[in-house]
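Dear colleague,

I am handing over the structure below, and I would be glad if you could read the notes that follow it with the coordinates open beside you.

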Amino acid sequence: MLHPVLGYVIFFGLLFLIFQAIFSWSGPLMDWIDGTFGELTEYLATVLPEGPLSSLFIDGIVAGIGGIVIFVPQIVILFLFLSLMEESGYMSRVVFLMDRWFETFWTKW
């Protein structure tokens, strides 16, 4: 993991894996959450009488919460990978590797 060449290849490969995992693994969960909140919105639109209060509840509160909750699967997967890398000690190895690149930035400040 600390090899001068293979260390960077492994690091960028791991970043690519994490990026792909976040967007491919979270896709079905995000679609399910979006569909569930869409069905809830449609159901509430048929049940509640028309008016500003129901519009506030349906278009504001339910749609707003749905717009935030849809990103929870991506955040969970990202934090899962970050915690695995931190607990395994890989993050400290990456910091050691990347210190050579960032050394020029620290000396200028």
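The expected span of a helix is taken here as 1.5 Å times one less than its number of residues. With that rule, the 17 residues of H3 should span 24 Å, and the end C-alpha atoms of H3 are 24 Å apart, which agrees. Please keep in mind throughout that this is a predicted model.

Helix H3 covers residues 72–88, and its buried residues are Pro-73, Gln-74, Ile-77, Phe-81 and Met-85. Seen down the axis of H3, these buried residues fall within an arc of 110°, so they line one face of the helix. For Val-76 the relative accessibility is 51%, and the residue counts as exposed because the cut-off is over 50%. The C-alpha atom of Val-76 is separated by 35 Å from that of Pro-52, a residue 24 positions away along the chain. Just after H3, Gly-89 takes a positive phi of about 90°.

Turning to the aromatic residues, a search of the whole structure finds four aromatic pairs. In one of them, Tyr-8 and Trp-101, the ring centres are 5.2 Å apart and the planes lie at 20°, so the pair is stacked, the cut-off for stacking being under 30 degrees. Tyr-8 belongs to helix H1 (residues 6–47) and Trp-101 to helix H4 (residues 90–108), so the pair ties together parts that are 93 residues apart in sequence. The two partners can also be described by their accessibility: Tyr-8 counts as buried, at 12% relative accessibility, whereas Trp-101 is partly exposed, with a relative accessible area of 47%.

The surface also holds a nonpolar patch of about 660 Å², made by Met-1, Leu-2, Val-5, Leu-6, Val-9, Ile-10 and Phe-96. Which helix gives the most to this nonpolar patch? It is H1, with three residues. Ile-10, which is one of the residues of the patch, has its place in helix H1 and is partly exposed, with a relative accessible area of 37%.

With best regards

Terms used. Residues numbered from 1 in each chain as written. Predicted model: local features only at pLDDT ≥ 70, side-chain atom pairs only at ≥ 80, totals over all residues. Heavy atoms only, no water. Helix = DSSP H or I, 4+ residues; strand = E, 2+ residues; numbered from the N terminus. Buried < 20%, exposed > 50% of the residue type's maximum accessible area, 1.4 Å probe, protein only. Phe/Tyr/Trp six-rings, centres within 6.5 Å; stacked < 30°, edge-to-face > 60°. Patch = residues over 30% accessible without salt bridge, like charges linked within 9 Å, V, L, I, M, F, W, Y side chains within 5 Å. Areas by Shrake-Rupley, 256 points an atom, 1.4 Å probe, with all protein chains shown as cover. Salt bridge = Lys/Arg side-chain N within 4 Å of Asp/Glu carboxyl O. Arc of directions from axis to C-beta.
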